[in-house]
Amino acid sequence: MNEDINNIEEVKGNHKADFNSLGSISDDELKSLKAKPKEEIKEQSKQRKCRYCINEVSFGGAECTQCSKAACEDCRKPNNFLPLNKHSMKSIPSSAFSKNEFEQKVLKEYLDYQGMNMAELSKELMAKIVRSGWMNGGKELKQSDVLCVECYKKVWNELVYEYRRNINETLPKKVKDRKDCWYGRDCTTQVHNQDHAKRYNHVCPNMKK
């Protein structure tokens with residue numbers, strides 16, 4: 001009987017020691033224990049659907065830094081998810097200068113006169129990012145940032161717009177001396193009215209805002 005009582009007391013003492021040992025856990029250890037479920041949730045949230053197929057994607061470099069859409073490994077290369085400095089533009093896209101064909105022609109003629117091809121122009125645009133940095137939609141842009149092809153075109157259009165503004169004084173008199181359109185780059189008439197597009201400069205901000 002006494003032996004049984006002693007065993008019970010021993011068990012109680014062990015449990016008491018276990019509870020008392022909880023007090024020895026440091027604040028950092030407690031924070032670590034609390035953080036684990038959040039980390040697991042965060043890890044699970046990184047699983048997203050590929051924008052091109054039904055596969056789930058673990059971001060890991062296949063996420064566009066501008067639109068945050070992702071591509072799986074099978075879809076990444078065909079859809080040009082590349083670092084900014086690995087992208088290339090073979091010709092001036094039709095979306096450049098708000099689809100103003102006359103301004104696109106002005107840039108093309110300037111490049112031809114300078115003996116500059118599209119690869120050299122892209123190199124110059126990348127150099128601008130290195131020299132002074134560049135923000136796009138409030139996000140800092142780096143050469144190493146991964147972009148989908150759609151966002152690359154948007155970024156390229158913004159960079160080439162600034163490039164065109166900076167070379168304005170070197171252009172022929174009939175081009176550089178045109179009056180600015182009040183609506184500038186946001187003008188809707190410039191797309192369907194070629195006479196308006198030629199008469200006014202649209203590589204300028206909207207003065208009606």
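A pocket here is an open set of grid points with protein on both sides within 12 Å along at least five of seven lines, and lining residues have an atom within 4 Å of a point. Keep in mind that this is a predicted model.

**Exercise 1. Describe the largest pocket and the residues that line it.**

Solution. 
- Step 1: Start with the volume. The largest pocket holds about 280 Å³ of space.
- Step 2: Look at the centre. There are 14 lining residues, and Val106, Glu109, Pro172, Lys174 and Val175 are the closest to the centre of the pocket.
- Step 3: Find the elements that contribute. Two or more lining residues come from each of α4 (101-114) and α7 (173-176). The most come from α4, which gives seven residues.
- Step 4: Seven of its residues are nonpolar, two are polar and five are charged.

**Exercise 2. Find the salt bridge of Glu103 and say whether Glu103 is buried or exposed.**

Solution. 
- Step 1: Recall the idea. Side chains of opposite charge can pair when their charged atoms come close.
- Step 2: Apply the cut-off. A salt bridge needs a side-chain nitrogen of Lys or Arg within 4 Å of a carboxyl oxygen of Asp or Glu. The side chains of Glu103 and Arg164 pass this test, with 3.3 Å from N to O.
- Step 3: Check the burial, for which the limit is under 20% relative accessible area. Glu103 is buried because its relative accessible area is 0%. Arg164, at 1%, is buried too.

**Exercise 3. Which salt bridges join residues that are four apart in a helix?**

Solution. 
- Step 1: Go to helix α4. Lys108 and Asp112 form a salt bridge there, at 3.2 Å from N to O. The two are four residues apart in the helix, so about one helical turn separates them.
- Step 2: Move to helix α9 (residues 194-199). Asp195 and Arg199 are four residues apart in this helix, about one turn, and their side chains meet in a salt bridge of 2.3 Å, N to O.
- Step 3: Read the accessibility of this pair. Asp195 is partly exposed, with a relative accessible area of 45%, and Arg199 is partly exposed, also with 45%.
- Step 4: Note the total. The structure holds seven salt bridges.

**Exercise 4. Is His196 buried or exposed, and is Trp182 buried or exposed?**

Solution. 
- Step 1: Begin with His196, which sits in helix α9. Its relative accessible area is 15%, so His196 is buried.
- Step 2: Turn to Trp182, found in the loop between β7 (179-180) and α8 (189-192). Trp182 counts as exposed because its relative accessibility is 55%.
- Step 3: See what accompanies Trp182. Together with Tyr183 and Met207, Trp182 forms a nonpolar surface patch with about 380 Å² of accessible area.

Conventions:
Residues numbered from 1 in each chain as written. Predicted model: local features only at pLDDT ≥ 70, side-chain atom pairs only at ≥ 80, totals over all residues. Heavy atoms only, no water. 1 Å grid on protein atoms, 1.4 Å probe; cavity = no way out; pocket = protein on both sides within 12 Å on 5 of 7 lines; lining within 4 Å. Points joined across faces, edges and corners; volume = space filled by probe spheres on them. Nonpolar A, V, L, I, M, F, W, Y, C, P; charged D, E, K, R; others polar. Patch = residues over 30% accessible without salt bridge, like charges linked within 9 Å, V, L, I, M, F, W, Y side chains within 5 Å. Areas by Shrake-Rupley, 256 points an atom, 1.4 Å probe, with all protein chains shown as cover. Buried < 20%, exposed > 50% of the residue type's maximum accessible area, 1.4 Å probe, protein only.
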